Amino acid sequence: MADQSTSNTQPTEYKSESKMKHIVSFVAMILLTVAAFVLVLRDVVPVAWVLPLMLGFAVIQVLLQLFTFMHLDQKGSLYYILFIAFGVMVAVISAAGIIFMP
Amino acid sequence: MGTLLIMIVFGLFFAAIFTGGYNNTLIQRARKTTAWDWLTSVDHKKIGVMYFMAGIFYFVVGGLEALFMRYQLLVPGNDAFVGRTFNELLTMHGTTMIFFAAMPLIFGLINVVMPLQIGARDVAFPFLNSLGFWLFFFGALLTNMGWIFGGAPDAGWTSYVQLALNEYSPGPGVDYYVLGLQIAGAGTTMSGINFLVTILNMRTKGMSLLRMPMFTWTSLITSVLIIFAMPPLTIALLLLMMDRLFGANFFDHVMGGSAVLWEHLFWIFGHPEVYIVVLPAFGIMSDIFSTFSKKKLFGYNSMVFATSLIGFLGFMVWVHHMFTVGLGPVSNSIFAIATMLIAIPTGIKVFNWLFTMWGGELTFPVAMKWAIGFIPTFVIGGMTGIMLAAPPADFQYQDSYFVVAHFHYVLIGGTVFALLAGAYYWWPKMFGKMLSERLGNWHFWLFFIGFHLTFFPQHFLGLFGMPRRVFTYEPNVGLEYINQVSTFGAILMGIGTIIFAWNMIQSFRSKKIAAADPWDGRSLEWATETPVPFYNFAQLPEVRGVDAFWLEKQAGNKQMTPAEPLGKIHMPSGSHIPFLMSIALFVGGWGLIARSWQIGVMGLLAFGVTMFMRSFDRDHGFYVKPKELLDKEAKS
Amino acid sequence: MAHHPVEIKPGMHLETATFEGKNKVMGFWMFLGAETVLFACLFGTYLALRNQTVNGPSGAELFDPVLVAVATAILLFSSLTSVFAMMAMNKLDKKGMLFWLGVTVLLGLSFLVLEIYEFVHYIHEGHTFMSSAFGSSFYALVGTHGAHVTFGIIWISTIMYQAWKWGINTETAPKLFVSSLYWHFIDVVWVFIFTLVYLLGMVG
């Protein structure tokens, strides 16, 4: 409620967001997906490299999704970024624990 | 036949809602009753009181279960509660105390106190708050239904597989655990999100994060832990439900499943859960030490840091519950070190409390007695924790009464002492009356002495080799005498609790309204009137520093400086939908337990319908004129 | 709970214009945080159990790259149309928004149809929920994702109806915004599913 009576009545102006940004990001995602499929279906890299590369592509794609489509690049998203980052950390630790300590 | 009947009743019920084919005058009359008022309330104080009272109720239930167990263990070879009955008692004692006593008591205090402490008129999502409570309520009810229908859960509160699978736990017992906790857990997650958004978004003017009272800080960290710790439990319960009800093979090793998987999922939830129930306790203690020492909390910033660090490390230590599984020396060592690290922030806290009292102007009302009793008790629990954190030693202690003694020192000495301290401290804000100090002293001394008599000897029971969760022991192996002392202590705790109940009843019966600020308090909740008006603050206060109300009192002001002009206040309307939603899940859950898919699906569908009801409900609250505004208008 | 009437004009953040809207968006991010951990547990379960096929077919024998590629493309594209819908919402272009949301829902439905076809096919191959730990964990993970898609379709359709009926305002905008966040999150989860379940399964 700290700012409810002041800033709330003055909604922040929307910086006209270009459609271009999203399309570029979309194309990048498609390319990353294709790259992951190619890695698996064609023998372009040694087998040991496939998983790390694939995971790397997935992570980049998800970051793109978060910061363009889900608007985490906008001002005032710091809490969300911190929170999601902590969530991802917990998620990775938990999943790794389950997988590597059977 | 029964299935059909329930489905018809359900169908009629919804037909009535949608066609308006019900008796309208009856509904109108029902709306005027007190019961309807509480059932549909979205007021954080009323929901807090309901959480608190439900928590007290289950605290008594869990306590009775403990007393039955202590009675069984009074003499060797006793036959009062043996075999399955004893297993049910120990399972339900753990489940009840953690999920249905400690959690709701904490949520009760957070609900009542936290919005007042940050200077808010309600929580961020009042509807969700009500839904969270009713889901907890019906989840708890469902879990306890096993006592009457078909047998209570009996696989331990940790419900380890294979034991908890159909083969070794036939009957509906464990199903009650799975579905009851699933429903209550959904409510818990909602409350966590609600509290977190409230604290981040709804602080009054000047209440920066580093000016919040310690209890609010610990509520914030606890909320974060709830949000991230509940999902593993949700998944664990989901998988167990799939295995038991739908023939899946997550845990059945014959079909490739893994028993360790359950332990991982359960303890990834289970260890943060310990901090979920103990961090708010630290917050309560911090507020009480500071108030009754008439001093600012020593090392406020380090306290915030320590709390955050405990929350952070809390997710990286779960394997210390699994040292004897055989995950290997590397895993065990890493998690042992992480566990021992937690002693550092906890130690910071203990020293900060001691230094808060150092040189303070100390007074010793009952709340402060609980707080002071907490320090040595909790430190003992922490010490045995460090002992258990060393894997080679843990191989000796595991599954013995030593472990039982350890976690009761932490959970009773930490959480329960703090909750009772908080009850005495905030009672005037919750109920507008005071608790008797005389009865409170009896309660404290009986419970405190009884606690140590019960659990201190259990360390030795464990070291002498008595395993936990076993309903009897041999005579002439040196265990009788210690067990008898332990049972005697448990009886003292029971008498203390009866005195507490009597104290509550006396306070409800008394007509004397408590003073607004009986303890010469420091934080904003004491700046409200007693009883607190439902809009909390006629004008939201402006905060100038840590211990906001104390600062104003030091500056010679009787009240907080308002941050806004006197005006109409917008408040949310009550709603009966949370109650309906929870009933729908309760019926659906019970249907699944009874292996009646029709009722299960029906309940879920009904839940979906109530979600639509909520989505299309366009009631956006109402405006109210506070008393002060009405007075002013009357004058002019 | 400030409830000041807000002057609505194109190009503003309508979803966070009111206090309730701000709370809703923040609360939803917290919920997505919880969902992250929830799916992480399912991923962990699947990856721990994925080799326990018990005489049944393995992932390498089952998974069809073409089917997965099509499903991925559909879901990724629906994520883009959902963004377009939000951009139309910010311009107060109700018709455009409903169009793009409609496309999103249709894409979601086709994804669902594809998934059901895939599951039916697997069951014929002897890969069922009850056949092995691999089967259980596969259907738990992919099925939970599918349940999220189903819920999203119903949810977005409902809010489309509300937006059509009530217009784009401070009441509907936060709902539209968080449902679109939800839809993107479903796509985020799918990125990891196609990577860690299907592609990794094909590698073996």
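This is a predicted model: local features need pLDDT of at least 70, side-chain atom pairs count only at pLDDT 80 or more; totals for chains, interfaces and linings use all residues.
Residues are numbered from 1 along each chain as its sequence is written, while chains are lettered from A and ligands numbered from 1 in the order in which they are written.

Let's start with chain C and chain A. Here 42 residues of chain C are in contact with 44 residues of chain A (contact: C-beta atoms, placed from the backbone, within 7 Å). On the chain C side, helices H1 (19-49), H3 (65-90) and H6 (172-203) each give two or more residues (helices are DSSP runs of H or I, at least four residues; strands are E runs, at least two; both are numbered from the N terminus). H1(C) brings the largest share, 14 residues.

Now for chain B against chain C: 33 residues of chain B are in contact with 29 residues of chain C. H8(B) gives the most, with nine residues.

Here's the make-up of those two sides (nonpolar: Ala, Val, Leu, Ile, Met, Phe, Trp, Tyr, Cys and Pro; charged: Asp, Glu, Lys and Arg; polar: the others, Gly among them).

| Chain C touching chain A | 28 residues | 13 residues | one residue |

Lastly, helix H16 (437-463) of chain B has 27 residues and should span 39 Å at 1.5 Å a residue, which agrees with its end C-alpha atoms being 39 Å apart (expected span: 1.5 Å times one less than the number of residues). After H16(B) comes Gly465(B), with a positive phi near 100°.

Conventions
Two residues are in contact if their C-beta atoms, placed from the backbone, lie within 7 Å.
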